[in-house]
Amino acid sequence: MLVLFETSAGYAIFKLLDENKLKNVSDLYSHFESPEATSKIIKLKHFQKFDDTTEALASAASLIEGKLCKSLKKVIKSHVNSSDSLMVADPKLGAAIKEKFNISCVSSSSAADLLRCIRSQFENLLVGLPKKDLTAMSLGLAHSLSRYKLKFSPDKIDTMIVQAIGLLDELDKEVNNYIMRCREWYGWHFPELGKILTDNLEYVKTIKTLGMRENAKSIDLSSILNPALEDQVKTAAEISMGTEIADDDIQHIVQMCDEILDISTYRTSLSDYLKSRMMAVAPNVTVLLGDLVGARMLAQGGSLVNVAKMPASTIQLCGAEKALFRALKKKHDTPKYGLIYHSSLVGRATAKVKGRMSRMLAAKVALAARFDAFGESETINLDLGTNHLANLEYKLRLMEEGSMTRISGTAKAKAKFEKYQVKREIVQYSAAADSTIPSNKRKIEDADIKEEYSEKAILKDIKQEPDVQQPPKKKKKKNKEQTNGADKSVNNGADISVKSEQESILTEEQTPKSKKKKKRELQEEPVEDEPIVENVTKKKKKSVVDDTSITEVVTESGKKKKKNKSQVEEETEAIENSPKKKKKKSIVADTSVGEAVSESGKKKKKKKGQQSI
């Protein structure tokens, strides 16, 4: 059995002398403790050395991918027979060798242990190769392989960009602090100058040139300010309300102005340097986002490679992590953009379109970052970024015009989109449902009203007597007389029996009527007033006292009035003293009196139009 061993210097083929040692893998390391013991188990058959680092890099790259390179094919073809079995470390490489040369390959855990033991004694097994040369070859191959794997280019050092954008932000803060301090300090001496000059650099240069405000007449400021502002400064200096300061104070103020100008000059040069580095490292990202926003994106991600590994959704929210997690925690709406909000495309979009524009821009930035990070330096140009930028500007114009319904997507996707739309049902008005025929409910109500009229007509025939009809005006006077007579009749115990008979007769006539009919009688009072009044007035001629007593118990509207306790007691005594036949007739009347007493808590006012029965 042969063993294939790959090194940074070349390929080595060993012959396994004792295959029985592989059966007990746990004791295999004890047989490789010394070179003499190793020579009894394994023997070097052939060693093929690499010619240069390029060949070593090519062979290492092919071995990592499990493929055969040219040098390895030559070694196997010249030194391995088809009848031999070959032990390899990688199963993919063994499959490729078997397919190419029809040689049986072995790759197992015992093979891995054997190769590990060979590596420990490789310097003693390999004759004619010094240790220093082997170490140098290993280091050179490691660096070459790293550059090959990561597509490393010395021009793409994004660390400089990260540091430069951090320094630029700090310089902006420092300059703002210095200018605020300068305005406050010099404002005690010349407060009007701060309102006239709003630009910070013009303000600082004017202070440095002017010094004391008394020098305004003699100093020419035309190199700094335009003529109109120069005239305003000179006139304001003559009538200024500021305090006087010493020469030492103005000297320190002028020194601070020098520092501000120096920092501003350095910031300008740093900004130019940052722009040039961004165009060298990530040109397509710079075209889409701009140099400052692109540099902040790289600084937020850590490097260009990290940004290239991000999905478009992460790039869209890069810089708004706190807002995102706060929204997720409190279950609010998540943010739509982070650092990408400061780009020119999102800034030009209207508020309604900003979210959609930031999403599309983040997708294009993800593509541009991957192209800049992993593309070869010879093929990288600005065509990708400029094409995407033109496409995004066109889509932005369509969205702002409102004519953009569907930017992309196939007909199949469109059909799926329409499938899940809510389709409202349209209900048409049916003219056949119109009808002027009254409903069944109306018919039932009309029948009830007719029955009431028929019952009232029967009562009218029973109660009518062909005597004198009195006008309704005299009815009010009689009602008063009847009420007075009722009070007297209550005191007289002899007339109570007569009253009970009248009550019983009237209650017997009224009991068949239900409560609903009484309510309908109230609703139709103008129709029923006249016949009822005639019946009552005719009956009252015979028994005025009896009718007045009844009015206290039952009214036309079905409402029952309250009686005094003394009156109820006297009535009950009189009924007991009266004959038995009259008691039977007055049962209904007694029940009506009890109802009046039970509802004593309810007091209601009588209307003038109500008539007693």
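Trainee: Buried means under 20% relative accessible area, exposed over 50%, and partly exposed in between (1.4 Å probe, protein chains only). On that scale, is Asn102 buried or exposed?

Mentor: Asn102 is exposed, with a relative accessible area of 60%. Please note that this is a predicted model, where local features need pLDDT of at least 70 and side-chain atom pairs count only at pLDDT 80 or more, while totals for chains, interfaces and linings use all residues. Residues are numbered from 1 along each chain as its sequence is written, and side-chain values use heavy atoms, leaving out hydrogens and water.

Trainee: Where is Asn102 found?

Mentor: Asn102 is in the loop between helix H4 (91-101) and strand S5 (104-106). Helices (H or I, at least four residues) and strands (E, at least two) are DSSP runs, numbered from the N terminus.

Trainee: What is the phi of Asn102 near?

Mentor: Its phi is near 60°, a positive value in a residue other than glycine. Most residues other than glycine have a negative phi.

Trainee: And what about Lys331?

Mentor: Lys331 also has a phi near 60°. Lys331 lies in the loop between helix H17 (321-330) and helix H18 (344-348), and is exposed at 76% relative accessibility.

Trainee: Changing topic, at what angle do H8 and H14 pack?

Mentor: Helix H8 (residues 159-187) and helix H14 (residues 291-301) pack at about 115°, with their axes 9 Å apart. Axes are lines fitted to C-alpha atoms, for helices over the stretch in contact, and angles run from 0 to 180 degrees between N-to-C directions. H8 is therefore roughly perpendicular to H14, a term for angles of 65 to 115 degrees.

Trainee: Which residues meet there?

Mentor: Ile161, Val162, Ile165, Leu168 and Asp169 in H8 meet Leu292, Ala295, Arg296, Leu298 and Ala299 in H14. Contact means heavy atoms within 4.5 Å. The residues of this contact divide into 8 nonpolar, no polar and 2 charged. Ala, Val, Leu, Ile, Met, Phe, Trp, Tyr, Cys and Pro count as nonpolar, Asp, Glu, Lys and Arg as charged, and the others, Gly among them, as polar.

Trainee: Is Val307 buried or exposed?

Mentor: Val307, found in helix H15 (residues 304-309), is buried at 2% relative accessibility. Leaving aside neighbours within four places in sequence, Val307 is in contact with Met297, Leu298, Gly301, Ile315 and Ala369. The C-alpha atoms of Val307 and Ala366 are 7.6 Å apart, although 59 residues separate them along the chain.

Trainee: Finally, what does Thr7 touch?

Mentor: Not counting residues up to four places away in sequence, Thr7 touches Phe47, Phe50 and Phe122. Thr7 is buried, with a relative accessible area of 16%.

Notes. Angles under 35 degrees count as roughly parallel, over 145 as roughly antiparallel, 65 to 115 as roughly perpendicular and the rest as oblique.
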